[in-house]
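Here are a few exercises to work through with the model open in your viewer. Try each task before you read the solution.

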Amino acid sequence: MGLLRNLLAVLACSIMAIPVHAAPANPQQGTDYRVLPKAQLIDSGNKVEVTEFFWYSCPHCNEFDEPLTAWARKNADQIVFKRVPVAFRDSFVPQQKLYYTLEGMGKLDQLHGKVFQAIHVERNRLDTDAKVAEWAVKQGLDKQKFMDLYSSFGVQAKVSRATQMQNAYGVDGVPLIAIGGQYLTSPSIVGAGLRNQPESALHAATFQVMDWLVTQAAKNSNSTLAPAGGVGNKKP
């Protein structure tokens, strides 16, 4: 049963493809990234919005989390970084609620990495409300306060919003990175052009593509600004 659970976890998140060329210096649409058919509205001011769609139980999300966090910090002057926990089935929902409860309690930065550790190192699946509550108490959180927020309308609204975003962005695997509300990339997408590379190499190539896409998204955003004395027009 343990083997079956691990297999299902891998299938539910992105599957690393077996591939052919080196890290993309000049990213190509359809190979290293995709463009959404309909750009999504974003609210990130003058910075580029970068959103990770993820699942705590996904082993690739676990491996990607630390280098992605470092990349986001390095680029904080250019981007607004967000995370959206996905739900491909009902058993994912407790982890969505966990994410937004930790966020609401101001404990996300402190405990986000520990959720990955609990699942992938300590083998605690955290896939039921009871398991999540027990884990939260072990982290020193007040059980009543945690459960009140965990069961609140506010957290449920955020879970519903996450599902809407997941559908709008056509998320079919994780981790998946959305940039500027219009571009999508991931280690598995970029990995389709790399042969027999370790996961660290896929991450490096993905960040190279992400850097390029952030630059493109910033240019696109600037092109929508009004010229002096005129009215701005968005690209069709």
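**Exercise 1.** Is Phe92 buried or exposed?

*Solution.* Some ground rules first. This is a predicted model, where local features need pLDDT of at least 70 and side-chain atom pairs count only at pLDDT 80 or more, while totals for chains, interfaces and linings use all residues. Residues are numbered from 1 along each chain as its sequence is written, and side-chain values use heavy atoms, with hydrogens and water left out.

Next, the cut-offs: buried means under 20% relative accessible area, exposed means over 50%, and partly exposed is in between (1.4 Å probe, protein chains only). Phe92 has a relative accessible area of 1%, so it is buried. Phe88, on the other hand, comes out at 29% and is partly exposed.

**Exercise 2.** Work out how the strands of the sheet are arranged.

*Solution.* Start with the terms. Helices (H or I, at least four residues) and strands (E, at least two) are DSSP runs, numbered from the N terminus. Two strands pair if DSSP finds at least two bridges between them.

Now the order: five strands make an open sheet, 1-5-4-2-3, with mixed pairing. Strand 1 and strand 3 are at the edges with a single partner strand each, so one side of each has no neighbour in the sheet.

Then go through the pairings:

- Strand 2 runs parallel to strand 3, joined by seven bridges; Thr51 has Lys82 in strand 3 as its bridge partner.
- Strand 2 runs antiparallel to strand 4 (residues 176–179), with four bridges; here Phe53 is partnered by Leu176.
- Strand 1 and strand 5 are antiparallel and share two bridges; Val35 has Tyr183 as its partner.

**Exercise 3.** Decide how well covered strand 2 is.

*Solution.* Count first: seven of the seven residues of strand 2 are buried, so the rest of the structure largely encloses it. Then check by face. Val48, Val50, Glu52 and Phe54 are buried on one side, and Glu49, Thr51 and Phe53 are buried on the other.

**Exercise 4.** Find the aromatic pairs and classify two of them.

*Solution.* The rule: rings of Phe, Tyr and Trp (its six-membered ring) pair if their centres lie within 6.5 Å, and planes under 30 degrees apart are stacked, over 60 edge-to-face and the rest tilted. Searching the whole structure turns up 13 aromatic pairs.

Take Tyr33 and Tyr183: at 5.8 Å centre to centre and 90 degrees between the planes, this pair is edge-to-face. Tyr33 sits in the loop between helix 1 (2–12) and strand 1 (34–35) and Tyr183 in strand 5 (residues 183–185), so the pair ties together parts 150 residues apart in sequence. Tyr33 is buried at 7% relative accessible area, and Tyr183 also counts as buried, at 10%.

For Phe88 and Phe92, the ring centres are 5.8 Å apart with planes at 70 degrees, so this pair is edge-to-face.
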